[in-house]
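Here are some exercises to work through with the structure open beside you. Try each task before reading its solution.

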Amino acid sequence: MKNVLQTLIISLVILAAPISKGEPAVIAPKAVESLLLDIVKVSDQRLLTVGQRGHILISEDQNQNWRQVEVPVSVNLTAVDFLDENHGVAVGFDQTILLTQDAGETWTVSHQEVSNLQPALFSVIYTSKDTITAVGSYGLYLETEDGGKSWENRQIDSLSDVYDGFSHFYDIERLTADTWYIAGEKYIAEADEYGDEFSKGMIAVTKDGGKTWDKVNSPYEGSFFGISVKANDIYVYGLRGNLFHSKDGGSSWNKVPLGVQAGLHDMIITDAGNLVLVGTGGVMIEKSATNTKAAKVSKRPDLKGRAALIEVADEQFIIVGEGGVSSSSQVENKAQQ
């Protein structure tokens, strides 16, 4: 089985073209149609998305129009988060970390380590004026406590496998100021005297703002793309349409049936409490958290993968991925054609 990193690269074509790492991003007329990997709602009027070749785009009219802003790097950007309406962070390949103080209009390089190995950051949380934490490949864990002036590359030994190695960390999410979760690739949890190995999908929690981390009981031997948390609900999702739900901090889990085999790349819990997921093959899945009926599944006719989404109004979503930016209504209209 391919690991999650390989699946993401293949399905979302992250390395689709050569990248000139030392050059700023090129302003491209069709950037809004290019591979985009994350999206955030900066304010009621402003949306911002990031993606391949250093593309960062802003919409100020609810997805009607997008404009690309200048960015000092052209590496693939994988995730973005904002502390408030002005202060934001974007991360990507080569451990690239970009900061903005003007709602995304301008960006500066806070950290980068160019390498042929292309160590990548996949997720980031901006938790206070001084504190930002980013995670990525092979247990990569970077944090700043001075607003990005300096960064510490920490090794979280409590999250290693039985051989002291590390799986990829794909998502870091915040429940409260001090309680955060990590989800990631499967790791070798046990190995017996006969050489047989047993894997679990990575789930971890900190309850002291990242100072210490502990593994959480995992319900699945495969990899997880991400985690969503809200109140007492924890959802982890990943390969082959696997979605699991816990209401007791991860001590026990129930599998949520979705009726799909697609890899699941992002999920949100809507204001109404419903679940919406996107993933490979252009799928978008909508499921009521309180209704046992089958999930509603729609697909892009061209099957281009979806990477992330946000809710902009009641049950209205903006989605980004392999085909650029689209809305949930566009997905439904195309699916009906």
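**Exercise 1. Work out the order of strands in the open sheet of four strands and how they pair.**

Step 1: The order is E17-E18-E19-E20, with antiparallel pairing. Strands here are DSSP runs of E with at least two residues, and helices are runs of H or I with at least four, numbered from the N terminus. Two strands pair if DSSP finds at least two bridges between them.

Step 2: Strand E17 (224–230) and strand E20 (254–255) stand at the edges with a single partner strand each, so one side of each has no neighbour in the sheet.

Step 3: Now look at E18 (residues 233–238) and E19 (residues 243–246), which pair in the antiparallel sense over four bridges. Tyr237 stands opposite Leu243 in E19.

A note before going on: this is a predicted model, where local features need pLDDT of at least 70, side-chain atom pairs count only at pLDDT 80 or more, and totals for chains, interfaces and linings use all residues. Residues are numbered from 1 along each chain as its sequence is written, and side-chain values use heavy atoms, with hydrogens and water left out.

**Exercise 2. Find the neighbours of strand E22 (residues 275–279) and decide whether its residues are buried or exposed.**

Step 1: E21 and E22 run antiparallel and are joined by five bridges. The bridge partner of Met267 in E22 is Leu277.

Step 2: The hairpin of E21 and E22 has five residues between the strands, and there Gly273 takes a positive phi near 90 degrees.

Step 3: E22 is also joined to strand E23 (residues 283–287), by four bridges and again antiparallel. Val278 stands opposite Met284 in E23.

Step 4: Three residues lie between the strands in the hairpin of E22 and E23, where Gly281 has a positive phi near 70 degrees.

Step 5: Five of the five residues of E22 are buried (under 20% relative accessible area, with exposed over 50% and partly exposed in between; 1.4 Å probe, protein chains only). Leu275, Leu277 and Gly279 cover one side, and Val276 and Val278 the other.

**Exercise 3. Describe the lining of the largest pocket by class.**

Step 1: The lining has 25 nonpolar, six polar and 10 charged residues. Nonpolar covers Ala, Val, Leu, Ile, Met, Phe, Trp, Tyr, Cys and Pro; charged covers Asp, Glu, Lys and Arg; the others, Gly among them, count as polar.

Step 2: Elements that each supply at least two lining residues include helix H1 (4–12), strand E1 (36–41) and strand E21 (264–269).
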